[in-house]
Amino acid sequence: MGELDRAKRSRLPDSAFAYVDSHGRRRLPINDESHVRNALARFSRTRFENEEGRESARRRIVRAARRFGIVPIGFLDGQLKSQRRLAAVGRLAADLENVTELLELERRLRTGLGDSSVAVLRWSDAVDAYLDADGRAARLPDAGDDLIATELGRDGRPFAALVHHRALLADREVASTVTAAVRVTLDNAVLRREVAARIAEVRSLPTGTVTFLMTDIEASTALLHRLGDRYAPVLEDVRSVIREAVASSEGREVDARADEFFAAFAAVEPALSAALAIVRKLRARAWPAGEQVRVRVGLHTGRPTLTDTGYVGAAVNMVARVAAAGHGDQILVSEAVAAALGAPPADVTLRRLGSYRLRGIPGGQPLHQVVVADLRSRFPPLRTTAITER
(Lines give C-alpha, C1' and ligand atoms only; values in the text may rest on other atoms or scores of the structure.)
Protein backbone atom coordinates (compact mmCIF):
# COMPACT_ATOMS: atom_id res chain seq x y z
CA MET A 1 0.00 0.00 0.00
CA GLY A 2 1.37 3.38 -1.02
CA GLU A 3 2.34 5.69 1.82
CA LEU A 4 -0.31 8.34 2.53
CA ASP A 5 1.50 11.04 4.44
CA ARG A 6 -0.17 14.02 6.08
CA ALA A 7 0.32 16.32 3.10
CA LYS A 8 -1.13 13.85 0.60
CA ARG A 9 -3.98 13.05 2.98
CA SER A 10 -4.88 16.71 3.41
CA ARG A 11 -5.14 17.18 -0.37
CA LEU A 12 -7.69 14.38 -0.71
CA PRO A 13 -11.39 15.37 -0.83
CA ASP A 14 -13.85 14.00 1.73
CA SER A 15 -15.17 11.68 -0.97
CA ALA A 16 -11.83 9.82 -0.82
CA PHE A 17 -12.69 8.57 2.67
CA ALA A 18 -15.31 6.03 3.64
CA TYR A 19 -16.16 7.81 6.89
CA VAL A 20 -16.15 11.44 8.00
CA ASP A 21 -17.41 11.90 11.57
CA SER A 22 -19.36 14.82 13.02
CA HIS A 23 -16.09 16.55 14.03
CA GLY A 24 -14.72 16.38 10.48
CA ARG A 25 -12.24 13.59 11.24
CA ARG A 26 -11.71 11.51 8.09
CA ARG A 27 -11.13 7.76 8.33
CA LEU A 28 -10.71 4.74 6.08
CA PRO A 29 -9.21 6.29 2.91
CA ILE A 30 -10.47 4.66 -0.31
CA ASN A 31 -8.52 6.73 -2.84
CA ASP A 32 -6.78 3.76 -4.53
CA GLU A 33 -6.93 -0.02 -4.69
CA SER A 34 -4.49 -0.68 -1.88
CA HIS A 35 -6.29 1.68 0.50
CA VAL A 36 -9.65 0.14 -0.38
CA ARG A 37 -8.28 -3.29 0.53
CA ASN A 38 -6.96 -1.81 3.77
CA ALA A 39 -10.37 -0.23 4.50
CA LEU A 40 -12.06 -3.60 3.94
CA ALA A 41 -9.70 -5.18 6.48
CA ARG A 42 -10.01 -2.40 9.06
CA PHE A 43 -13.75 -1.77 8.82
CA SER A 44 -14.79 -4.10 11.67
CA ARG A 45 -12.18 -2.54 13.99
CA THR A 46 -13.30 1.04 13.36
CA ARG A 47 -15.47 2.84 15.91
CA PHE A 48 -18.42 4.71 14.40
CA GLU A 49 -20.54 7.36 16.10
CA ASN A 50 -23.79 5.66 15.18
CA GLU A 51 -25.28 2.91 13.04
CA GLU A 52 -26.12 5.32 10.21
CA GLY A 53 -22.45 6.33 9.90
CA ARG A 54 -21.37 2.71 9.95
CA GLU A 55 -23.81 1.71 7.20
CA SER A 56 -22.88 4.71 5.04
CA ALA A 57 -19.18 3.82 5.32
CA ARG A 58 -19.88 0.20 4.44
CA ARG A 59 -21.73 1.20 1.26
CA ARG A 60 -18.92 3.58 0.18
CA ILE A 61 -16.28 0.88 0.69
CA VAL A 62 -18.29 -1.64 -1.34
CA ARG A 63 -18.79 0.88 -4.19
CA ALA A 64 -15.05 1.73 -4.14
CA ALA A 65 -14.17 -1.98 -4.24
CA ARG A 66 -16.30 -2.47 -7.33
CA ARG A 67 -14.69 0.56 -8.98
CA PHE A 68 -11.25 -1.02 -8.58
CA GLY A 69 -12.45 -4.48 -9.63
CA ILE A 70 -12.23 -5.94 -6.12
CA VAL A 71 -14.79 -8.62 -5.26
CA PRO A 72 -15.11 -8.28 -1.46
CA ILE A 73 -16.67 -11.68 -0.81
CA GLY A 74 -14.95 -12.13 2.54
CA PHE A 75 -15.93 -8.62 3.63
CA LEU A 76 -19.59 -9.06 2.67
CA ASP A 77 -19.72 -12.49 4.30
CA GLY A 78 -18.19 -11.05 7.45
CA GLN A 79 -20.73 -8.25 7.45
CA LEU A 80 -23.60 -10.72 7.07
CA LYS A 81 -22.28 -12.77 9.97
CA SER A 82 -21.81 -9.62 12.04
CA GLN A 83 -25.38 -8.55 11.31
CA ARG A 84 -26.64 -11.98 12.31
CA ARG A 85 -24.62 -11.83 15.53
CA LEU A 86 -25.90 -8.32 16.21
CA ALA A 87 -29.49 -9.42 15.60
CA ALA A 88 -29.00 -12.35 17.97
CA VAL A 89 -27.54 -10.02 20.58
CA GLY A 90 -30.50 -7.67 20.07
CA ARG A 91 -32.84 -10.56 20.84
CA LEU A 92 -30.71 -11.40 23.87
CA ALA A 93 -30.97 -7.79 25.09
CA ALA A 94 -34.75 -7.98 24.83
CA ASP A 95 -34.69 -11.32 26.64
CA LEU A 96 -32.82 -9.71 29.55
CA GLU A 97 -35.40 -6.97 30.04
CA ASN A 98 -37.20 -8.48 33.04
CA VAL A 99 -34.27 -10.32 34.64
CA THR A 100 -33.66 -9.32 38.26
CA GLU A 101 -31.35 -12.06 39.59
CA LEU A 102 -27.63 -12.20 38.86
CA LEU A 103 -27.59 -15.99 38.38
CA GLU A 104 -30.38 -15.82 35.80
CA LEU A 105 -28.61 -12.93 34.02
CA GLU A 106 -25.44 -15.01 33.78
CA ARG A 107 -27.35 -18.07 32.52
CA ARG A 108 -29.02 -16.15 29.72
CA LEU A 109 -25.81 -14.40 28.72
CA ARG A 110 -23.92 -17.71 28.56
CA THR A 111 -26.64 -19.25 26.39
CA GLY A 112 -27.10 -16.22 24.16
CA LEU A 113 -23.37 -15.62 23.60
CA GLY A 114 -22.35 -19.28 23.53
CA ASP A 115 -19.73 -18.52 26.18
CA SER A 116 -19.89 -20.62 29.36
CA SER A 117 -17.26 -18.44 31.03
CA VAL A 118 -19.44 -15.32 31.23
CA ALA A 119 -19.84 -13.90 34.74
CA VAL A 120 -21.48 -10.72 35.98
CA LEU A 121 -19.97 -9.11 39.07
CA ARG A 122 -21.48 -6.35 41.19
CA TRP A 123 -19.37 -3.77 43.02
CA SER A 124 -19.79 -3.57 46.79
CA ASP A 125 -18.72 -0.43 48.62
CA ALA A 126 -19.02 -2.35 51.91
CA VAL A 127 -16.12 -4.69 51.09
CA ASP A 128 -14.48 -2.51 48.42
CA ALA A 129 -14.53 -5.36 45.92
CA TYR A 130 -16.58 -7.05 43.21
CA LEU A 131 -18.98 -9.77 44.33
CA ASP A 132 -20.16 -12.76 42.30
CA ALA A 133 -23.71 -14.08 42.08
CA ASP A 134 -23.26 -15.92 45.41
CA GLY A 135 -22.11 -12.76 47.19
CA ARG A 136 -18.47 -13.82 47.42
CA ALA A 137 -15.58 -11.46 46.68
CA ALA A 138 -14.27 -12.05 43.16
CA ARG A 139 -11.09 -10.87 41.47
CA LEU A 140 -10.91 -9.66 37.88
CA PRO A 141 -8.89 -11.70 35.34
CA ASP A 142 -5.19 -10.94 35.05
CA ALA A 143 -3.76 -9.23 31.98
CA GLY A 144 -2.95 -11.76 29.28
CA ASP A 145 -5.69 -14.23 30.27
CA ASP A 146 -8.16 -15.45 27.67
CA LEU A 147 -10.84 -14.09 29.97
CA ILE A 148 -11.05 -10.33 30.34
CA ALA A 149 -13.32 -7.98 32.28
CA THR A 150 -15.29 -5.09 30.85
CA GLU A 151 -15.89 -2.76 33.80
CA LEU A 152 -19.02 -0.62 33.98
CA GLY A 153 -18.96 2.58 36.00
CA ARG A 154 -21.67 4.89 37.26
CA ASP A 155 -21.16 8.45 38.53
CA GLY A 156 -17.41 7.98 38.38
CA ARG A 157 -17.47 4.89 40.61
CA PRO A 158 -17.31 1.12 39.91
CA PHE A 159 -20.75 -0.38 39.35
CA ALA A 160 -20.36 -3.80 37.75
CA ALA A 161 -18.03 -5.90 35.62
CA LEU A 162 -18.75 -8.33 32.80
CA VAL A 163 -16.22 -11.16 32.65
CA HIS A 164 -16.10 -12.83 29.23
CA HIS A 165 -13.82 -14.40 26.62
CA ARG A 166 -11.53 -11.99 24.80
CA ALA A 167 -13.12 -12.98 21.46
CA LEU A 168 -16.26 -11.00 22.32
CA LEU A 169 -14.33 -7.79 21.63
CA ALA A 170 -13.58 -8.85 18.07
CA ASP A 171 -16.90 -7.34 16.99
CA ARG A 172 -17.22 -3.93 18.60
CA GLU A 173 -20.90 -3.55 17.73
CA VAL A 174 -21.75 -6.83 19.41
CA ALA A 175 -19.55 -6.04 22.42
CA SER A 176 -21.06 -2.57 22.94
CA THR A 177 -24.60 -3.94 22.58
CA VAL A 178 -23.94 -6.69 25.13
CA THR A 179 -22.39 -4.33 27.69
CA ALA A 180 -25.19 -1.80 27.21
CA ALA A 181 -27.77 -4.55 27.74
CA VAL A 182 -26.02 -5.72 30.91
CA ARG A 183 -25.90 -2.16 32.26
CA VAL A 184 -29.60 -1.57 31.57
CA THR A 185 -30.52 -4.94 33.10
CA LEU A 186 -28.55 -4.27 36.27
CA ASP A 187 -29.91 -0.72 36.55
CA ASN A 188 -33.45 -2.05 36.14
CA ALA A 189 -32.83 -4.74 38.76
CA VAL A 190 -31.56 -2.16 41.24
CA LEU A 191 -34.54 0.08 40.51
CA ARG A 192 -37.00 -2.78 40.93
CA ARG A 193 -35.48 -3.73 44.28
CA GLU A 194 -35.65 -0.13 45.45
CA VAL A 195 -39.27 0.18 44.34
CA ALA A 196 -40.18 -3.14 45.98
CA ALA A 197 -38.49 -2.07 49.22
CA ARG A 198 -40.31 1.27 49.13
CA ILE A 199 -43.66 -0.44 48.52
CA ALA A 200 -43.04 -2.85 51.41
CA GLU A 201 -42.13 0.07 53.64
CA VAL A 202 -45.23 2.04 52.63
CA ARG A 203 -47.51 -0.95 53.19
CA SER A 204 -46.26 -1.19 56.78
CA LEU A 205 -47.42 2.36 57.62
CA PRO A 206 -50.33 2.81 60.08
CA THR A 207 -53.81 2.37 58.64
CA GLY A 208 -57.33 3.11 59.86
CA THR A 209 -57.48 6.17 62.11
CA VAL A 210 -54.10 7.86 61.81
CA THR A 211 -52.66 11.03 63.30
CA PHE A 212 -50.44 12.95 60.91
CA LEU A 213 -47.63 15.30 61.94
CA MET A 214 -46.20 17.79 59.47
CA THR A 215 -43.46 20.37 59.97
CA ASP A 216 -41.73 22.97 57.86
CA ILE A 217 -39.00 25.49 58.63
CA GLU A 218 -40.19 29.05 59.15
CA ALA A 219 -38.72 31.53 56.62
CA SER A 220 -36.56 28.80 55.10
CA THR A 221 -35.83 30.74 51.90
CA ALA A 222 -34.44 33.73 53.80
CA LEU A 223 -32.48 31.37 56.04
CA LEU A 224 -31.00 29.67 52.96
CA HIS A 225 -29.83 33.01 51.54
CA ARG A 226 -28.26 34.03 54.83
CA LEU A 227 -26.46 30.74 55.47
CA GLY A 228 -25.49 29.82 51.91
CA ASP A 229 -23.45 26.59 51.92
CA ARG A 230 -24.11 26.18 55.64
CA TYR A 231 -27.84 25.67 55.05
CA ALA A 232 -27.58 22.02 53.92
CA PRO A 233 -25.96 20.83 57.20
CA VAL A 234 -28.56 22.83 59.14
CA LEU A 235 -31.39 21.15 57.22
CA GLU A 236 -29.86 17.74 57.89
CA ASP A 237 -29.60 18.56 61.62
CA VAL A 238 -33.26 19.62 61.68
CA ARG A 239 -34.31 16.39 59.98
CA SER A 240 -32.18 14.37 62.42
CA VAL A 241 -33.90 15.99 65.41
CA ILE A 242 -37.36 15.38 63.92
CA ARG A 243 -36.57 11.77 62.98
CA GLU A 244 -35.33 11.02 66.48
CA ALA A 245 -38.43 12.56 68.08
CA VAL A 246 -40.77 10.70 65.72
CA ALA A 247 -39.03 7.36 66.22
CA SER A 248 -38.94 7.80 70.01
CA SER A 249 -42.73 8.21 69.97
CA GLU A 250 -43.20 5.14 67.74
CA GLY A 251 -44.13 7.24 64.74
CA ARG A 252 -43.23 6.53 61.12
CA GLU A 253 -41.57 8.86 58.65
CA VAL A 254 -43.66 9.13 55.50
CA ASP A 255 -41.75 11.73 53.49
CA ALA A 256 -39.11 14.43 53.79
CA ARG A 257 -38.66 16.90 51.00
CA ALA A 258 -37.11 20.37 50.95
CA ASP A 259 -37.74 21.79 54.45
CA GLU A 260 -40.93 19.76 55.09
CA PHE A 261 -41.25 16.58 57.15
CA PHE A 262 -44.29 14.28 57.17
CA ALA A 263 -44.89 11.51 59.75
CA ALA A 264 -47.73 9.22 60.80
CA PHE A 265 -48.77 7.79 64.17
CA ALA A 266 -51.22 5.06 65.10
CA ALA A 267 -52.47 7.16 68.04
CA VAL A 268 -52.81 10.85 68.82
CA GLU A 269 -50.92 11.01 72.15
CA PRO A 270 -47.54 9.85 70.74
CA ALA A 271 -47.92 12.36 67.90
CA LEU A 272 -48.41 15.17 70.41
CA SER A 273 -45.38 13.99 72.41
CA ALA A 274 -43.26 13.99 69.24
CA ALA A 275 -44.41 17.51 68.35
CA LEU A 276 -43.41 18.85 71.77
CA ALA A 277 -40.05 17.06 71.63
CA ILE A 278 -39.29 18.54 68.21
CA VAL A 279 -39.90 22.13 69.31
CA ARG A 280 -38.01 21.70 72.58
CA LYS A 281 -34.95 20.09 70.99
CA LEU A 282 -34.70 22.58 68.16
CA ARG A 283 -34.98 25.51 70.59
CA ALA A 284 -32.18 24.07 72.69
CA ARG A 285 -29.68 23.77 69.82
CA ALA A 286 -27.10 26.36 68.83
CA TRP A 287 -27.21 27.22 65.13
CA PRO A 288 -24.58 28.77 62.82
CA ALA A 289 -24.15 32.56 62.88
CA GLY A 290 -26.48 32.81 65.87
CA GLU A 291 -29.49 31.96 63.71
CA GLN A 292 -32.80 30.84 65.21
CA VAL A 293 -34.16 27.80 63.37
CA ARG A 294 -37.82 27.26 64.12
CA VAL A 295 -40.39 24.89 62.63
CA ARG A 296 -44.14 25.14 62.31
CA VAL A 297 -45.90 21.98 63.47
CA GLY A 298 -49.36 20.77 62.50
CA LEU A 299 -51.33 17.72 63.71
CA HIS A 300 -54.48 16.20 62.24
CA THR A 301 -56.31 12.94 62.81
CA GLY A 302 -58.23 11.22 60.01
CA ARG A 303 -58.80 8.05 58.05
CA PRO A 304 -56.62 8.31 54.92
CA THR A 305 -56.27 5.75 52.16
CA LEU A 306 -52.91 3.98 52.01
CA THR A 307 -51.72 3.10 48.48
CA ASP A 308 -48.43 1.69 47.20
CA THR A 309 -47.20 5.26 46.73
CA GLY A 310 -48.26 6.55 50.16
CA TYR A 311 -51.23 8.20 51.83
CA VAL A 312 -53.93 9.94 49.82
CA GLY A 313 -57.08 11.71 50.91
CA ALA A 314 -58.37 14.84 52.57
CA ALA A 315 -56.46 14.12 55.80
CA VAL A 316 -53.13 14.65 54.01
CA ASN A 317 -54.23 18.03 52.65
CA MET A 318 -55.65 18.99 56.03
CA VAL A 319 -52.45 18.44 58.04
CA ALA A 320 -50.42 20.39 55.46
CA ARG A 321 -52.79 23.36 55.74
CA VAL A 322 -52.84 23.23 59.54
CA ALA A 323 -49.03 23.32 59.70
CA ALA A 324 -48.79 26.12 57.13
CA ALA A 325 -51.14 28.35 59.15
CA GLY A 326 -48.82 28.61 62.14
CA HIS A 327 -45.51 30.21 63.06
CA GLY A 328 -42.12 28.87 64.13
CA ASP A 329 -42.30 27.05 67.51
CA GLN A 330 -46.11 26.96 67.28
CA ILE A 331 -47.94 23.63 67.41
CA LEU A 332 -51.39 23.75 65.86
CA VAL A 333 -53.91 20.91 65.96
CA SER A 334 -57.19 20.33 64.18
CA GLU A 335 -60.56 19.82 65.83
CA ALA A 336 -60.22 16.11 65.09
CA VAL A 337 -57.03 15.94 67.16
CA ALA A 338 -58.63 17.86 70.03
CA ALA A 339 -61.58 15.46 70.00
CA ALA A 340 -59.33 12.38 69.89
CA LEU A 341 -57.26 13.66 72.82
CA GLY A 342 -60.29 14.27 74.98
CA ALA A 343 -58.62 15.35 78.22
CA PRO A 344 -55.04 16.33 77.23
CA PRO A 345 -52.07 15.36 79.42
CA ALA A 346 -51.85 17.21 82.74
CA ASP A 347 -49.09 19.57 81.58
CA VAL A 348 -50.74 20.39 78.22
CA THR A 349 -53.52 22.86 77.42
CA LEU A 350 -55.30 23.19 74.11
CA ARG A 351 -56.12 26.83 73.47
CA ARG A 352 -58.97 27.22 71.00
CA LEU A 353 -58.03 29.92 68.46
CA GLY A 354 -61.30 30.02 66.50
CA SER A 355 -62.29 28.91 63.01
CA TYR A 356 -60.19 29.62 59.93
CA ARG A 357 -60.26 29.25 56.17
CA LEU A 358 -57.69 26.73 55.03
CA ARG A 359 -56.79 26.71 51.35
CA GLY A 360 -58.56 23.92 49.51
CA ILE A 361 -60.54 22.82 52.59
CA PRO A 362 -64.26 23.66 52.49
CA GLY A 363 -65.89 25.56 55.35
CA GLY A 364 -64.36 26.98 58.49
CA GLN A 365 -61.93 24.78 60.37
CA PRO A 366 -61.51 25.14 64.17
CA LEU A 367 -57.85 25.25 65.17
CA HIS A 368 -56.21 24.83 68.57
CA GLN A 369 -52.77 25.74 69.85
CA VAL A 370 -50.81 23.43 72.13
CA VAL A 371 -49.71 25.33 75.24
CA VAL A 372 -47.12 24.08 77.75
CA ALA A 373 -45.31 25.97 80.47
CA ASP A 374 -41.75 25.69 79.07
CA LEU A 375 -42.51 26.77 75.49
CA ARG A 376 -43.46 30.04 73.87
CA SER A 377 -47.24 30.55 73.91
CA ARG A 378 -47.82 34.00 72.34
CA PHE A 379 -47.67 34.30 68.54
CA PRO A 380 -48.85 36.70 65.84
CA PRO A 381 -52.24 36.01 64.22
CA LEU A 382 -52.34 32.83 62.20
CA ARG A 383 -51.19 32.98 58.58
CA THR A 384 -54.70 32.46 57.23
CA THR A 385 -58.10 34.13 57.37
CA ALA A 386 -60.16 33.93 60.55
CA ILE A 387 -63.91 33.35 60.31
CA THR A 388 -66.07 35.43 62.61
CA GLU A 389 -68.20 33.07 64.67
CA ARG A 390 -71.75 34.04 65.57
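## Packing of α2 and α3

In this predicted model, helix α2 (residues 33-42) packs against helix α3 (residues 51-67) at an angle of about 145°. Their axes lie 10 Å apart. Axes are lines fitted to C-alpha atoms over the stretch in contact, and angles run from 0 to 180 degrees between N-to-C directions. The crossing of α2 past α3 is left-handed: the near helix is turned anticlockwise from the far one by less than a right angle.

V36, A39 and L40 of α2 meet I61, A64 and A65 of α3. Contact means heavy atoms within 4.5 Å. The residues in this contact are six nonpolar, no polar and no charged. Ala, Val, Leu and Ile are among the types that count as nonpolar.

## Largest nonpolar core

The largest nonpolar core has 37 residues. Such a core joins buried Ala, Val, Leu, Ile, Met, Phe, Trp, Tyr and Cys residues through side-chain atoms within 4.5 Å. Buried means under 20% relative accessible area with a 1.4 Å probe, protein chains only. L213, I217, V238, L276, L299 and I331 have the most contacts inside the core. Helix α9 gives the largest share, nine residues.

I217 touches L223, Y231, L235, V238, D259, V293, R294, V295 and R296, leaving out residues up to four places away in sequence.

## Whole protein

The protein has eleven helices and 17 strands. These are DSSP runs: H or I of at least four residues for helices, E of at least two for strands. Of the 390 residues, 42% count as buried.

## Basis

Residues are numbered from 1 along each chain as its sequence is written, and side-chain values use heavy atoms, without hydrogens and water. Local features need pLDDT of at least 70, side-chain atom pairs count only at pLDDT 80 or more, and totals for chains, interfaces and linings use all residues.

Terms used
Buried means under 20% relative accessible area, exposed over 50%, partly exposed in between (1.4 Å probe, protein chains only).
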